[in-house]
Amino acid sequence: MNVPVWLWAATVVGLLVLIAIDLVIVDRKPHEVTTKEAAKWVVFYVTCAVLFGIGVWVLAGHDYGVQFFTGYITEYSLSVDNLFIFMIIMASFRVPAIHQHRVLLIGILLALAMRSVFIAVGAALIAQFVWVFFLFGAVLVWTAISMLRGNDHEDEYHENAVVRWIRKVYPVTDDFHGHKMTIKRDGKRWLTPMFVVIVAIGSADLLFAVDSIPAIFGITQEAFLVFTANAFALMGLRQLYFLLGGLVNKLVYLSYGLAVILAFIGAKLILHALHEYHAVPVWLDINNWVSLGVIVVVLTATTVLSLAKAKRDEKKSGSEALSEANEIR
């Protein structure tokens with residue numbers, strides 16, 4: 001796929017325009033994002049991604065179109081699992097509801113900028129060395145095993161090295177000062193918790209990129225598609241945070257589904273590398289239509305099973321509460 005410089009530039013400008021629209025409409029006046037408002041923006045960003053994918057399909061061919069949609073769905077589904085740690089970080093820093101949108105917006109933009117470096121490095125390595133597929137595949141399989149063991153995230157937030165370094169080098173105020181990231185106090189510049197939590201969100205997402213970037217390279221090796229799929233997934237993630245809310249905790253089987261997807265893509269990467277070395281027959285090199293089908297089926301099954309379990313648990317809790325009330329009487 002030959003992507004000219006002007007198309008890269010036009011794509012980046014288009015994404016910046018979307019961000020500017022978001023800032024002007026949503027964040028112009030800080031407020032608590034409602035479920036209805038979040039739903040509209042989720043639909044907006046998903047529609048933008050679909051239209052972009054259709055454009056890729058029409059202009060570059062159906063194969064690249066399938067690669068984009070498969071990569072986008074994979075990145076978006078992996079991002080949903082990231083919402084859990086985002087909620088923990090927000091609660092840990094006690095971020096006021098009216099400022100949470102700005103925190104997510106700037107934090108995720110920071111993450112996208114850092115992911116772009118990962119993508120550029122990954123694309124350069126893949127173009128030169130076939131053995132990188134083995135490395136990426138091993139990372140994904142190991143991540144899948146860790147998720148099945150329940151080591152994918154914790155219930156408490158522990159500040160990473162970047163956040164600890166910031167607190168050590170710069171003075172940080174105890175309280176938020178609106179949406180300001182720095183203030184001047186006693187002739188000295190202080191950081192506010194707003195700045196620190198943005199860095200926490202951005203750096204936490206960067207850690208998740210260690211899994212998601214190899215995963216999407218298992219679907220497409222086109223840097224342009226990898227970047228745009230990540231961009232659309234991350235831009236829609238903010239509104240998904242407000243839309244899903246507590247529903248994330250009900251998706252109890254999501255980690256298992258994502259583990260299956262990561263293991264599948266990891267196996268696909270390893271098989272692709274073996275195929276490049278002529279160690280396996282051609283039919284073992286899994287195509288993107290199969291990948292798309294597996295990802296959609298797994299995500300649908302885990303979501304349906306999770307919501308069914310949540311419903312059963314609610315009924316069980318209601319029955320137990322009713323029984324206790326009857327016993328008291």
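Q: What does the accessible surface of the protein chain come to, and how much belongs to carbon and sulfur atoms?
A: In this predicted model, the accessible surface is about 16700 Å² (Shrake-Rupley method, 1.4 Å probe), and 66% of that belongs to carbon and sulfur atoms. Local features need pLDDT of at least 70 and side-chain atom pairs count only at pLDDT 80 or more, while totals for chains, interfaces and linings use all residues. Residues are numbered from 1 along each chain as its sequence is written, and side-chain values use heavy atoms, with hydrogens and water left out.

Q: What is the mean pLDDT of the chain?
A: The mean pLDDT (the predictor's confidence in each residue, from 0 to 100) is 82, and 90% of the residues reach 70 or more.

Q: How much of the chain is buried?
A: Of the 329 residues, 47% are buried, where buried means under 20% relative accessible area, exposed over 50% and partly exposed in between, with a 1.4 Å probe and protein chains only.

Q: And which residues does Phe232 touch?
A: Leaving aside residues up to four places away in sequence, Phe232 touches Leu15, Leu18, Tyr45, Cys48, Ala49, Phe52, Phe68 and Tyr72, a contact being heavy atoms within 4.5 Å.

Q: Switching to Leu135, where is that, and is Leu135 buried or partly exposed?
A: Leu135 lies in helix 5, helices being DSSP runs of H or I with at least four residues, and strands runs of E with at least two, numbered from the N terminus. Leu135 counts as partly exposed because its relative accessibility is 44%.
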